[in-house]
Amino acid sequence: LNHFKKADPVIYALLLRIDIKKLEHPKDYFASLTRKIAGQQLSVKAAQTIFNRFQSLFIEGKITPKGLLRIQDEKIRNAGLSWPKVRYLKAMAQDILDEKVVLEGLDNLEDEQIIELLTKLKGFGRRSAEMFLMFELGRPDVFSAGDLGIKRAIERNYKLKDPSPEKMIRLSKKWSPYRTYACRVLWSSLELK
């Protein structure tokens, strides 16, 4: 609150109306990555429903690369995932088992190193990697210029028409070192009247 009171009156005013909880730091990175892929381009509610069905395919709900590769593609598809997402999930599981992407020690890397590593995975772009940094690693200073929700919230709260990614990045610099929190406030602001 103190930072945004000085840095940005728009975010500060929103924070007075929105309750933002401290960032969490879950440790099951593989399950988190599967959740990110499963939820791409879906509403939060639809993504959660589909992910719950997907998770129920695993023994005791424990999502592992080996367990994922054992499940028939058709069963994953029937849980509500598209065929491309089924392929992305299977390819990711194989890449992790083959150690093309190593998740151990991920939280010791710099943000850009993690983005570079995760975008090697099929179906995992920069925006997904940024969301992983924010929500799975709890990094406090991440901004995602490619997120449509953030763009809509900036348009609405800053009265900007179709801001470019560059303009949004410039705006976000004053939020540093708490850009993740600013993004969370902006997403939540879309629910406000």
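Helix 10 spans residues 148-158. Its buried residues (under 20% relative accessible area, 1.4 Å probe, protein chains only) are Gly149, Ile150, Lys151, Ala153, Ile154, Asn157 and Tyr158. Helices here are DSSP runs (H or I, at least four residues), numbered from the N terminus. This is a predicted model: local features need pLDDT of at least 70, side-chain atom pairs count only at pLDDT 80 or more, and totals for chains, interfaces and linings use all residues. Residues are numbered from 1 along each chain as its sequence is written, and side-chain values use heavy atoms, without hydrogens and water.

**Around helix 10**
- Cover for the buried residues of helix 10 includes helix 2 (9-15), helix 11 (165-172) and helix 12 (179-189).
- Asp147 caps the N-terminal end, with a side-chain oxygen 3.0 Å from the backbone nitrogen of Gly149.
- Lys159 follows helix 10 and has a positive phi, near 55°.

**The nonpolar core**
- The largest nonpolar core has 57 residues. Such a core is a set of buried Ala, Val, Leu, Ile, Met, Phe, Trp, Tyr and Cys residues joined through side-chain atoms within 4.5 Å.
- Ile154 is among the residues that touch the most other members, as are Ile11 and Trp175.
- Helix 3 (residues 29-39) gives the most to this core, with 6 residues.
- Contacts of Ile154 (heavy atoms within 4.5 Å) include Phe143, Met168, Trp175 and Leu186, not counting residues up to four places away in sequence.

**Helix 9 and helix 12**
- The axes of helix 9 (residues 126-135) and helix 12 come within 10 Å and cross at roughly 105°. Axes are lines fitted to C-alpha atoms over the stretch in contact, with angles from 0 to 180 degrees between N-to-C directions.
- The two helices are therefore roughly perpendicular (65 to 115 degrees).
- Met131, Met134 and Phe135 of helix 9 meet Thr180, Cys183, Arg184 and Trp187 of helix 12.

Terms used:
Buried < 20%, exposed > 50% of the residue type's maximum accessible area, 1.4 Å probe, protein only. Polar contact = N/O pair within 3.5 Å; in protein donor to acceptor, adjacent residues only side chain to side chain. Parallel < 35°, antiparallel > 145°, perpendicular 65-115°, else oblique.
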